[in-house]
Amino acid sequence: MLFLLGALALAEDPSMETVFAALSSPTTVQTTFTQTQHRAVLARPLESKGRLVFARPDRLRWQIDAPTRAVFVMDGTTFTTAMPDLGITEEISLAAHPEYLGLVHGLTVWLQADADLVAKNYDASWDDGRLVLVPKTDDLSRWVSRFVLSLSEDHRSVTEVELFEADGDRVVLVFSEVRLGADVDAEQFQLK
Amino acid sequence: MSRGLLAALIALVALLPLMLRADLHSDVLSLLPEDAELRQAVEVLEWFDGGDMLLIEVDGREVEESELFAVVGSLTEELESLPHVREVHAGMDLEQAGQIRERLAPHAAAFVPAKVLAERTSEQGIRAALMLQLSRLSGPGAGLVKHTLSRDPLNLEEAALRSLAEGAPGVRSLGGMLQIEPGKALLFAQLDRSPAAVGPDDPVVLGIEGVLEAQGLPVSWFGGHRMAHDTARAVRTDVERATGVGLVALALVLLVGFRTARPLVGALGPLAVTVAFLIAGVGLVSPVHGIQLGFVSVIAGLAVDYWIHLYVVASGLDPDTGFAGRREAAMRALAEIRVPLLLSNGSTVLVFAVLSRSEVPIVRDLGTTGAVALLGALVGTMGVGPLAYAVVGRARSAVNAPAAVRPLAAGVVLLTAASLAALAPGARFNGDPTALLATSTEAAELDAYYAKHGLTGYRGIVAITGEDLLDRALAIETALGQQGFAHPIGPAAVMPGPGARAERAQALPSVEVLQARIDAAAEEIGFAPFPGAAERIYAGFGPVPPDLWQGTLLQTRLDRYLSEDAALVTLALADANVVPALADAVAAVDSEAAWFAPRIAAQQGITVAAEELTRTGLIGLAGVFLVLFARYRDLAKTVLALLPVGVALAAASGGVVVLGEPWNPVSFGILALAVGLALDYGVFMVESPGADTQRAVWLGAATTIGAIASLWLAASPALRSVGIVLTFAVGGALAAALIVIPALVAPSAGMRKAGRFAWRLATAVVLLVQADVMLNLWGTYAPTAPSLEPPAVESDGRVWTLGPNRRTWAEGIWLVETEGSPYSSGQAMGALTVDLRVRLEDELFDSFERQVSSPLARWLVTRSSLVLGKTLPDHIRPEYLVQIQGVADSAHDPYLLKGSAYTRRVFYHAIHDLGQAFVDSPLVGCTGFVAGGEATADGHWLLARNFDFEGGVAFDRDKVVWVHQPDEGMPFLSVSFAGMVGSVTGINADGLAVAINASGSEDPIRPGTPMTLIVREILQYASTLDEAQVILDKRRGFVSENVYVVDADAGQAALFEVTPERVAVVEVDEWLAVSNHFRSPELGDDPVNVARMAELTTVPRLERMEELLRAQLGSLDMASAAGILGDQRGVGGTALPRAHRHAIDADIASHGVVIDVTTRTLWVSRYPNLSGGMMRFNLDEVLAGTFEPVEVVPARETAAASVAARSGRGLLRASRTSTSETAIEQAAEALERMPEHPEALFELGRRLHESGDAEAARPLLERALAAPPEYAHQREAIERLLETP
């Protein structure tokens, strides 16, 4: 009986190939999100709201609107950060540092949904309908304990990410108003 | 064998050991004067291995960033593998940054400047730091940044890293690459080989070039090594070309001139001896700089000159009887030319001997080698010449006819020479050794690169020895930074000493307070507490391990600035004029520290050496004069022999100006050779003024010019200038020798009576012109600072910018903002207003010609001004002279024939004073007032004035509101004119406002400080009335003046009545009107003052001003003050015709200004006069960068009448100098433009009366009398006319 139940459960979990193929099919992702951070350095959980724009293969805009405004843009190998409330803009290039670039890509694996990248860096499994990614390289496991991803029914988008960091901190991202494959203005990935 | 030949052979053998010693070098230091300070600076740089680094820029804008990085990586490796390349610094990658950060972490606070620490640990700073941390935590890579948060919540590690990174100004580190602009990577390469040792085929430079060329991307590189290498290579190319072209030219001239190859072949003998002597001369002072080779062909040309003389004379004496006969003829010819030959050669050797005393090694070497080579030319001609002629010579018919006389051509030559000499004061001298050495492309590239990135090629060095090196270095770094010096860099940022750590610790609150602040901010923002954070920060101020940076890039940097017993601080210097400020700044902080400015010291040293060379050169010429006079015992003959020298010097001096070529030490030194050549021509023409000599001179000069002409194409500026100078000089000397000397020796030969008259007239004119030129030269002021090239201004058509300086259009008035050192700010002001200055000067000249219509009178005025103004600079603060020179050097001068730009500009600053000689009629007259306290509506202090100055419409139309932030003293605003560093109306940041009105007294006018510059000094240095009075007492002007000053902060004002000998004070009780006369007990009764009050318009204007003020006491404000300035009525409110000079606003004001001194606000009139409305300015807003122009008074509807009045006055001026019929027409038209104006009525009436139409004149004159007349003398003239039937 247990065997049968297990077989049924297995039968419900789609293959990783199928899931990652579906996840990586939209060329762009635009969504709003709520991020809740549970960290030792924080006196209480920090909830922030923002917007995320992603265009394959490697352009990302991560915008926090509240409680303080901040924009993080990754365009290829260049990261730019702007904190308008503090009057700060920073830029860093990782062109010359593939090891750091790999780390960054590893940490945004749930967004990129690159099957090869996942296979290289993570052990993927299902847990109660949620996709669990556990790092298998030392570089990543120094930072991340595991990712737990909730997917949409068609598996084309992530609806929630729960990140368990190596030191016990936890971050939960809940996505809403997801738009897939829509045109994205290139200026989204530029900070002036 | 003749004795001469034997002597030549013995000399050659004797010189052989010296010839074998001859060697060349390319050491750039040999181009610098042997100045002890300069040498010490070079030694200091060598000591720190910091003499020069190569800067390499890789342009990767067209490729992906990763490709650029790959090129940078491979380039770094390849360069480091080259011999003599000690280190290549391409940036700090993340791994290195991480490594440095880990080492830095426990000591971070010690590396953060005190000011940053104080801000960061304030309540606000802590909150901002934690907010930043919180924002970063919200990003996608939060996990990567959070690990430093607990140990460094205030982010001091980043602040410390930033402080460490500030070692390379303008350069940022991005992803392991240094970049100065996006897409372009920078590398710095340190070589263990001095640039001074780099020659044209230097293997190190060739190796670097090979590596750079092999890269797939465009690469530029700069630095001393490349400059030395490129220069050496360019010099070699120049020399090869000059030698080749010179030889070909020599051959062609001789072939064409003689129509046979014989003289050419024969020249080889004397030439060989000359070259042998030259090599021996090189051996004597060996090694000499390779650039000297460029002079070989020119010196050889002189030897050929001698040979040509011998050949020409010998061929005339040749009996055509074979070898023996030719030899005999040559010996006779030699005897004939011996005296001029010895005179010419001896004099030239004497001049070169003078050169050998120079402090500049390259010039000194040229003197020695040139003198020896010229002796060789003499020995070659006298020893080998006869034999050479005997071998190759050919007889011809002697031509002993007198030389051709062309008096008119001679006049033209002399006039041309005089004109060129007149241009000489406009020449610039460039003593910068870099500009001299560099190829033009390299220098331009480097300058453009520096300019683009706001860098400077001038570097200052402060060297510290003894104890407490780190703390003293920090003190100097800090002081220099605070005083505005750019980019002071020393060891303190990399390794803070005990004093720095203690000072920084004191910038923090106590541990308890700091911890409490951190805890409070953390709680407010939502962080958990950071226990022990404050203690960790304080622990950072403990001792820093000396080997902290061992094995990192920072250790390399530390080594550059710190050794066991010395430290170095370097900084960028704006220009040569900041050197005194550097000296003061260093001395104030550390009296034992030594400072250097190598490039500037070199520049100044070379300039001083050139001045000394001029003096010794004049002594040499005096010696030559004595030698020639001893020979001729006839002054006229001596002068004639020297005439080609004078013309050569005039032609060269003017020629360089025409071509815009600055003098440099080498071209200056080569004048000795020009003198030698000219002497040769002069002496030969005086000794034997026949056709043969003419032919020899012509051929000799042609070979010389042929040899040097190719130097015009030289890439080396030094050799190019030599080509230009010698071509002009030899051309001038040739013309003087062939055309002028024959005409002066036999002026009457072949002339008719008319010709003789023309010749005498031409001679008289030339002498007058020469005398005028000499007077001009005598009256020209010597520049006070080294001149720099005019800077480039950027403009979008609305805003002109030059560094921090700019010019903007404030809706009708130009706003010019400048700052910095006197020279740089002067250059900026000049460069930003070039178009305005040209227009202003044009109109000033026009105005001068209108006022003084006779050319002779103008000549007398300008020349007597030169005499009277000779000592003017002695009465002007040096900083203002330097600033005026900066203005003069800001653009190429379009008025070369009107004297040096610098001299003219100094004079312009005295124009207000000079104009007073014509006060009220027609140039200067002003009306104004001060009021405050109970007199004004809000208690603010007001100063209002009309500046009535009729120097030209441009002074009104193109007026400039100038805001200047000087290095010393206070920022100030002056309502001014383009290019004027003085002031007539202004206010400073301390709330002191000043204006001046011309006045008069019987105290004699004497040379003094121009009043505009006294006002400027008050604006810059005075905060109170007392301080203003101290300046007035100290710097007497040379004319009389009303100076009214308001100190708004103290609520005081005063009128200072100033004469060249006295200062009387009129205290102001709430308000005072001011016009153009004195009223104090001391000066009120002065006879001149009394006469002015009776005859001029100053009294009615003052009375009208006073009645208007009285009527508005208690309610005065800026608007009512503007209304008063615009009043056009007479005393008692009587109507006056438009533009009547009894009115406060007579349509002649260059500017009208109302100043609310309390709020530093000004309303400034807009063209025309006061009819164009007023714009608001505020000094504080301009300084803060928040100023926006606002119109506060609209233009009058009757503004056109103001313009009409101006043109009417022009017609009246024309009428006064016209013939009767035209004059009447002009006066009538003037009356149309100035209805009922007494001046127009009087002029028309007078002209009609003169023409015999008294009937028509009478009503006009009666109307003029009723108008009323403007001046007492005008009234008297009208009354006389009315009484005349």
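**Close-up views of a predicted model**

**View 1. B:Leu761 and a nonpolar surface patch****.** With a relative accessible area of 46%, B:Leu761 is partly exposed, since this value lies between the 20% under which a residue is buried and the 50% over which a residue is exposed. The model shown here, and in every view that follows, is a predicted one. B:Leu761 is placed in helix α30 of chain B. Together with B:Leu415, B:Phe757 and B:Val765, B:Leu761 makes a nonpolar surface patch of about 360 Å². Helix α30 of chain B, which covers residues 753-779, supplies the largest share of this patch, namely three residues.

View 2. Two or more lining residues are given by each of β1 (28-38), β10 (158-165) and β11 (170-180) of chain A, and by α7 (142-145) of chain B. The greatest contribution is that of β10(A), with three residues. By class, the lining of the largest cavity comprises twelve nonpolar, six polar and two charged residues.

**View 3. The second largest cavity****.** This cavity holds about 160 Å³ of space. Thirteen residues line the second largest cavity, and B:Leu840, B:Arg905, B:Tyr908, B:Phe955 and B:Ala978 are those nearest its centre. Helices α32 (834-851) and α35 (901-908) of chain B are the elements that give two or more residues to the lining. The largest share, four residues, is that of α32(B). Eight nonpolar, two polar and three charged residues make up the lining of the second largest cavity.

**View 4. The salt bridge between B:Glu57 and B:Lys184****.** Over all chains, the whole structure contains 45 salt bridges. In the one shown here, the closest N and O atoms of B:Glu57 and B:Lys184 are 3.6 Å apart. B:Glu57 belongs to strand β2 (residues 53-59) of chain B and B:Lys184 to strand β6 (residues 184-191) of chain B, so this pair ties together parts that are 127 residues apart in sequence. B:Glu57 and B:Lys184 are both buried.

**View 5. The salt bridge between B:Asp590 and B:Arg472****.** The closest N and O atoms of this pair are separated by 2.6 Å. B:Asp590 is found in the loop between α23 (579-589) and β12 (594-596) of chain B, whereas B:Arg472 is part of helix α18 (residues 469-482) of chain B; the pair therefore ties together parts that are 118 residues apart in sequence. B:Asp590 counts as buried because its relative accessibility is 8%. B:Arg472, at 15% relative accessibility, also counts as buried.

**View 6. The salt bridge between B:Asp1145 and B:Arg1196****.** The side chains of these residues meet with an N to O distance of 2.9 Å. B:Asp1145 has 1% relative accessibility and counts as buried. B:Arg1196, by contrast, has 24% relative accessibility and counts as partly exposed.

**View 7. A network of salt bridges in chain B****.** Five residues are linked in this network: B:Arg877, B:Glu879, B:Glu1017, B:Lys1034 and B:Arg1035.

**View 8. B:Gln506 and B:Ala118****.** B:Gln506 is in helix α19 (residues 498-506) of chain B. Its relative accessible area is 68%, and B:Gln506 is therefore exposed. In sequence B:Gln506 and B:Ala118 are 388 residues apart, while in space the C-alpha to C-alpha distance is 8.8 Å.

**View 9. B:Leu1248 and B:Glu1221****.** Helix α46 (residues 1238-1250) of chain B contains B:Leu1248. B:Leu1248 counts as buried, because its relative accessibility is 13%. Between B:Leu1248 and B:Glu1221 the separation is 27 residues in sequence and 9.1 Å in space, taken from C-alpha to C-alpha.

How values were computed:
Residues numbered from 1 in each chain as written. Chains lettered and ligands numbered in written order. Predicted model: local features only at pLDDT ≥ 70, side-chain atom pairs only at ≥ 80, totals over all residues. Heavy atoms only, no water. Patch = residues over 30% accessible without salt bridge, like charges linked within 9 Å, V, L, I, M, F, W, Y side chains within 5 Å. Areas by Shrake-Rupley, 256 points an atom, 1.4 Å probe, with all protein chains shown as cover. Salt bridge = Lys/Arg side-chain N within 4 Å of Asp/Glu carboxyl O. Buried < 20%, exposed > 50% of the residue type's maximum accessible area, 1.4 Å probe, protein only. Nonpolar A, V, L, I, M, F, W, Y, C, P; charged D, E, K, R; others polar. 1 Å grid on protein atoms, 1.4 Å probe; cavity = no way out; pocket = protein on both sides within 12 Å on 5 of 7 lines; lining within 4 Å. Points joined across faces, edges and corners; volume = space filled by probe spheres on them.
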